[in-house]
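These are my notebook entries on a structure I looked up. I record each item beside the terms used for it.

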Amino acid sequence: MNKKRIFHHERSTLFKCSIPEGNGPFPIVIFSHGYNGCMDDFDHEQELLLKNGIASCALTFSGGSTRDKSGYPTTSMTLVTEKEDLLSLIRWAEEQDQIDRSSIFLFGGSMGGLVSCLAANEAKDKIRAMMLLFPALCIVDDWNERFRDIRDIPDEMMFWNLLLGKNFFLSIRNMDVYDMLSKMAVNTLIFHGDKDPIVPLAYSEKAEKTLKNAKLIVFENEGHGFSQEAGKRMNEMMLAFLKEHL
């Protein structure tokens with residue numbers, strides 16, 4: 001897989017792309033990792049798509065991981081900067097001759113699922129369909145509940161081995177996730193385990209009802225991170241969903 005960078009005014013985003021042999025143009029799936037993840041998290045999915053004639057890209061969000069090599073500080077990362085990174089990659093895909101710009105799909109895992117929703121909301125006409133893997137739609141509620149008073153927000157906070165800055169929490173104070181989802185019509189497939197200890201299933205159940213064109217697949221006895229067998233079933237559903245919308 002070829003590794004590339006997209007340069008922003010103040011940061012760069014590292015991503016890797018896999019494009020089938022031939023002239024194309026090919027449909028493409030853009031993968032967004034979860035909290036403190038990286039572009040390597042979807043290697044298996046990218047290889048599977050390549051075998052099925054579908055291009056793909058996976059990015060490491062600037063400052064979004066201890067494995068990020070962009071040099072952008074994790075204390076400057078927010079959901080907004082990650083959304084901007086993803087929108088930049090969507091624009092990059094549109095400019096490639098080998099990519100079918102009418103067949104751009106998003107796949108987001110956990111926090112990357114929420115970021116995918118934020119990007120799809122801004123790029124409504126550019127996204128063919130979207131897949132969400134236990135999307136962390138609870139992030140806004142969780143942190144606003146923890147810091148009910150803005151004065152309680154620290155300048156920096158270590159959370160799950162990633163040092164966050166104050167702006168991460170400030171940027172979500174007035175974010176209304178489900179109001180945003182209610183205005184979106186992009187076809188969406190959601191995968192969620194019924195034993196998820198990080199993101200309660202209820203958030204995806206509400207998303208299915210709020211989005212205009214969404215379907216929720218519940219995986220029994222699966223948590224936040226699927227077993228090998230569940231991952232295999234999810235990938236089969238991913239391929240079927242892609243073929244359905246091509």
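**Helix α2**

I checked the length of helix α2 (residues 79-94): at 1.5 Å a residue, its 16 residues should span 22 Å, and its end C-alpha atoms are 23 Å apart, which agrees. The expected span is 1.5 Å times one less than the number of residues. Helices (H or I, at least four residues) and strands (E, at least two) are DSSP runs, numbered from the N terminus.

The model is predicted: local features need pLDDT of at least 70 and side-chain atom pairs pLDDT 80 or more, while totals for chains, interfaces and linings use all residues. Residues are numbered from 1 along each chain as its sequence is written, and side-chain values use heavy atoms, without hydrogens and water.

I found 13 of the 16 residues of α2 buried, so the helix is largely enclosed by the rest of the structure. Buried means under 20% relative accessible area, exposed over 50%, and partly exposed in between (1.4 Å probe, protein chains only). At the N-terminal end, T78 caps α2 through a side-chain oxygen 3.1 Å from the backbone nitrogen of V80.

**H33**

I located H33 in the loop between β3 (26-32) and α1 (43-51). H33 is buried, at a relative accessible area of 1%. Leaving aside residues up to four places away in sequence, I noted contacts (heavy atoms within 4.5 Å) from H33 to residues including C38, F61 and M111.

**Cysteines**

I looked for disulfides (cysteine sulfur atoms within 2.5 Å) and found 0. For C38, the closest cysteine sulfur is in C57, 15 Å away and too far for a bond. C38 is buried, with a relative accessible area of 4%.

Terms used. Polar contact = N/O pair within 3.5 Å; in protein donor to acceptor, adjacent residues only side chain to side chain.
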